[in-house]
Amino acid sequence: MGSFFSSSSRSSYEALGGTQVVLNVYDLTPLNNYMYWFGLGIYHSGIEIHGLEYGFGAHDFPATGVFEVEPKNCPGFVYRRSITLGSISLSPSETHTFMEQLASDYHGDTYHLISKNCNHFTNDVSSKLIGKPIPGWVNRLARLGAMCNCLLPESLQVPAVKQIHDYHAFSEDGSESFSIITADEADQDRCLLSSSSGAEVTFVKEGHK
């Protein structure tokens with residue numbers, strides 16, 4: 001997939017410094033402490049640009065699952081490491097416009113851990129903005145899982161969060177946010193978006209293409 005920018009304009013801006021694009025990687029399971037050294041693991045990732053981290057998560061509604069959160073503080077996951085992917089010349093407002101346009105392609109009810117997960121989203125962002133994919137090990141288990149679904153723990157073999165209540169509301173600038181997300185006790189370990197850590201999560205408003 002080609003970059004969102006031409007190689008010449010990207011190279012000239014990088015020479016001036018540009019804005020760093022950083023991949024923040026999180027653990028979904030303590031087993032990653034062992035699998036990481038074999039190039040495997042079950043990870044969540046988000047893209048950090050201009051002091052905001054953008055990610056993709058599951059919910060049961062036909063609306064975007066793309067959200068903003070404080071960098072390295074995505075609720076429900078344990079931060080592992082950051083990887084600098086490259087630099088871009090987008091301003092904060094241009095970056096947000098780009099994310100709004102992409103948001104319509106990533107609805108929360110289309111999330112699937114194997115075929116359309118958070119790492120597919122960050123890979124798409126990286127490919128469009130920088131012209132290169134995220135490191136292969138971040139989403140390797142999903143690619144293996146596509147061939148053999150039994151490689152994934154049963155608790156993680158779910159396409160979306162079950163029985164979410166209180167998906168709301170709109171902030172003053174028109175972006176959609178939620179402050180309360182609850183689920184049945186049996187599904188607590190399956191929630192891919194959670195506000196239990198107290199971190200503020202704001203859904204990106206879908207833009208027109």
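Is threonine 122 buried or exposed? Threonine 122 is buried, with a relative accessible area of 0%; buried means under 20% relative accessible area, exposed over 50%, and partly exposed in between, for a 1.4 Å probe and protein chains only.

This structure is a predicted model, in which local features need pLDDT of at least 70, side-chain atom pairs count only at pLDDT 80 or more, and totals for chains, interfaces and linings use all residues. Residues are numbered from 1 along each chain as its sequence is written, and side-chain values use heavy atoms, with hydrogens and water left out.

**Overall fold.** The protein chain contains five helices and seven strands. Helices (H or I, at least four residues) and strands (E, at least two) are DSSP runs, numbered from the N terminus. Their order along the sequence is α-β-α-β-β-β-β-α-α-α-β-β. Of the 209 residues of the chain, 48% count as buried. Contact means heavy atoms within 4.5 Å. Among contacts between residues at least 6 apart in sequence, 70% join residues at least 24 apart.

**Surroundings of threonine 122.** Threonine 122 lies in helix α4. Leaving aside residues up to four places away in sequence, threonine 122 touches Leu23, Ser45, Gly46, Ile47 and Ile134. Proline 133 is 11 residues from threonine 122 in sequence, and their C-alpha atoms are 8.5 Å apart in space.

**Helices α3 and α4.** The axes of α3 (residues 92–103) and α4 (residues 118–129) come within 12 Å and cross at roughly 130°. Axes are lines fitted to C-alpha atoms, for helices over the stretch in contact, and angles run from 0 to 180 degrees between N-to-C directions. At the contact, Phe98, Met99 and Leu102 in α3 meet Phe121, Asp124, Val125, Lys128 and Leu129 in α4. These residues divide into six nonpolar, no polar and two charged. Here Ala, Val, Leu, Ile, Met, Phe, Trp, Tyr, Cys and Pro count as nonpolar, Asp, Glu, Lys and Arg as charged, and the others, Gly among them, as polar.

**Cysteines.** The structure holds zero disulfides, a disulfide being a pair of cysteine sulfur atoms within 2.5 Å. The sulfur of cysteine 74 has its closest cysteine sulfur in cysteine 118, at 8.3 Å, which is too far for a bond.

| Residue | Relative accessible area | State |
|---|---|---|
| Cysteine 74 | 3% | buried |
| Cysteine 118 | 2% | buried |
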